[in-house]
Amino acid sequence: MAISAFDLFSVGIGPSSSHTVGPMRAAHTFAEGLRADGLLPRVARVRAELFGSLGATGHGHGSVKAVVLGLEGEQPEHTDPRGADARLDAVVRDGILQLAGEHGIRCDVADDVVLHRRATLPFHANGMRFAAYASAEPAEDEAPLRQREYYSVGGGFVLDEDEVGENKIVPDHTPVRYPFTTGDELLARCAETGLPISGVMLANELSWRTEAEVREGLLHLWQVMQECVDNGCRAEGVLPGGLKVQRRAPRLARQLRTEHPGDPLAAMDWVTLYALAVNEENASGGRIVTAPTNGAAGIIPAVLHYYTRFVPGADDDGVVSFLLTAAAIGSLYKENASISGAEVGCQGEVGSACSMAAGALAEVLGGTPDQVENAAEIGIEHNLGLTCDPVGGLVQIPCIERNAVASVKAITAARIALRGTGRQVVSLDRAIKTMRDTGRDMKVKYKETSRGGLAVNVIEC
């Protein structure tokens, strides 16, 4: 299977790639399938069911809104988050949904989007079932015009029922120049070609796009990341959802801009600010870059901001190399484990993002491929076992601070690796396998269900 950098990094909306972006894409795909099959004019009602982690925390993650907007033809890459709530309110108020953006059908959101808090579908914790009916009041035994199951497998990736398989990857059999599926194979490609990891990844990206298109696309992602940080540093107030979490990025930004230079650790405070800004924007449903998930979306932008602000000689070429390297590392997690908190806990989200950022920073700081792999391994090794226990089902506590801490950890991992030879006892492949095995052993209540950890203890207090 081939995985592009633009699979791992995409523009979307918060607060969750698996619970917001994925359901919107699935709903959009279902609606477009009805159009393609010529069934759209016959549809009178659509029922959507969300299972597993989607059902358990869907309200806090905005899954209902995402499904409604997706059925109306919206896609996360183009949705204006400022108008999303108004769109949902209009459907609730009027009881009419514009299926695929053109065919009005009856819709009672409370009845037609069902969140199953305990039931699951067999393939993945984030399962969805959509059914379209010819009757506005379908009988219990009425056969649907069309019914499909989808799985949101992390990072906004969606598989339908015909694509499910052992690897949980959207099938793409495009031949690439330097194929790799493991860290060892990636290092071998570097040794054979003399290319850095970013060079190997760039050569593979040319299977889909020209070099100019790759560069333009990656720099566009960087621009969106910068805009997200800027928005997060300016937006005051309380995050939605009921926990009354105060936005901290604006106040921290003002403090850092007025403090006198001289603090040797000031750069880390800026990194913290960048991560907080992104994740507060994500928690508010703002426009972000999934990197590789929304819950961990602040880490790569924070470390990339660190590179451009604090590393002498940083330029756009370095930004492109950073993102290509991060994507190469991220593809290993997608290929061999998971980036879904609902499947392996937060080690698959924050852990993989920390690893990706650490390796990417090591490369743009002049590291060898072995040192880059070492940095990535350090980044995940010290996130192993990290649970996903969002309080109230919201991507706020502990998610926002967790991104800030992991961003600093990624920088530390890169610096440790650059002081070494690149040789280590634990390889990146072994660390990824350990993360996968740990996720399988982890109790379900620690996998984005809000039924364990801080999610219950904070409420009890």
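## Strand pairing around E6

The model is predicted. In it, strands E6 and E7 (residues 146-154) are paired in the antiparallel sense, with six bridges between them. Within this pairing, Ala132 is placed opposite Arg146 in E7.

E6 also pairs in the antiparallel sense with strand E2 (residues 45-50), again over six bridges. Here Leu50 is set opposite Met128 in E6.

## Burial of E6

Strand E6 spans residues 127-133, and seven of its seven residues are buried, so the strand is largely enclosed by the rest of the structure. Gly127, Arg129, Ala131 and Tyr133 point one way from E6, while Met128, Phe130 and Ala132 point the other way; residues of both sets are buried.

## The annotated region, residues 192-455

An unreviewed UniProt entry carries the annotation "domain: Serine dehydratase-like alpha subunit" for residues 192-455. Over these residues the chain is 62% helix and 2% strand, and the end C-alpha atoms lie 48 Å apart.

## Helix H9

Helix H9 covers residues 211-234; at 1.5 Å a residue, its 24 residues should span 34 Å, and the 35 Å between its end C-alpha atoms agrees with this. Buried residues in H9 include Val214, Gly217, Leu218, Leu221, Trp222, Val224 and Met225. Further along H9, Cys228, Val229, Gly232 and Cys233 are buried as well. An α-helix has 3.6 residues a turn, so residues three or four places apart point the same way.

## Nonpolar cores

The largest nonpolar core comprises 103 residues, and those with the most contacts inside it are Phe9, Leu218, Ile300, Phe322, Leu323 and Leu361. Helix H13 (residues 316-336) gives the most to this core, contributing 11 residues. A second, separate core holds 31 residues, among them Leu40, Ala100, Ile105 and Val113.

Ile300 can be followed through its contacts. Apart from neighbours within four places in sequence, Ile300 is in contact with Phe9, Met225, Ala291, Phe322, Leu323, Ala326, Ala353, Met356 and Ala357. Of these partners, Phe9, Phe322 and Leu323 are also listed among the residues with the most contacts inside the largest core, and Met225 is one of the buried residues of H9.

## Ser407 in helix H17

Ser407 belongs to helix H17 (residues 399-418). With a relative accessible area of 0%, Ser407 is buried, because residues under 20% count as buried. Apart from neighbours within four places in sequence, Ser407 is in contact with Val271, Ala275, Gly298, Ile299, Ala302 and Val303.

Conventions:
Residues numbered from 1 in each chain as written. Predicted model: local features only at pLDDT ≥ 70, side-chain atom pairs only at ≥ 80, totals over all residues. Heavy atoms only, no water. Buried < 20%, exposed > 50% of the residue type's maximum accessible area, 1.4 Å probe, protein only. Helix = DSSP H or I, 4+ residues; strand = E, 2+ residues; numbered from the N terminus. Pairing = 2+ DSSP bridges. Contact = heavy atoms within 4.5 Å. Core = buried A, V, L, I, M, F, W, Y, C linked by side-chain atoms within 4.5 Å. UniProt positions renumbered as here; feature names shortened; annotations may be inferred. Expected span 1.5 Å × (residues − 1).
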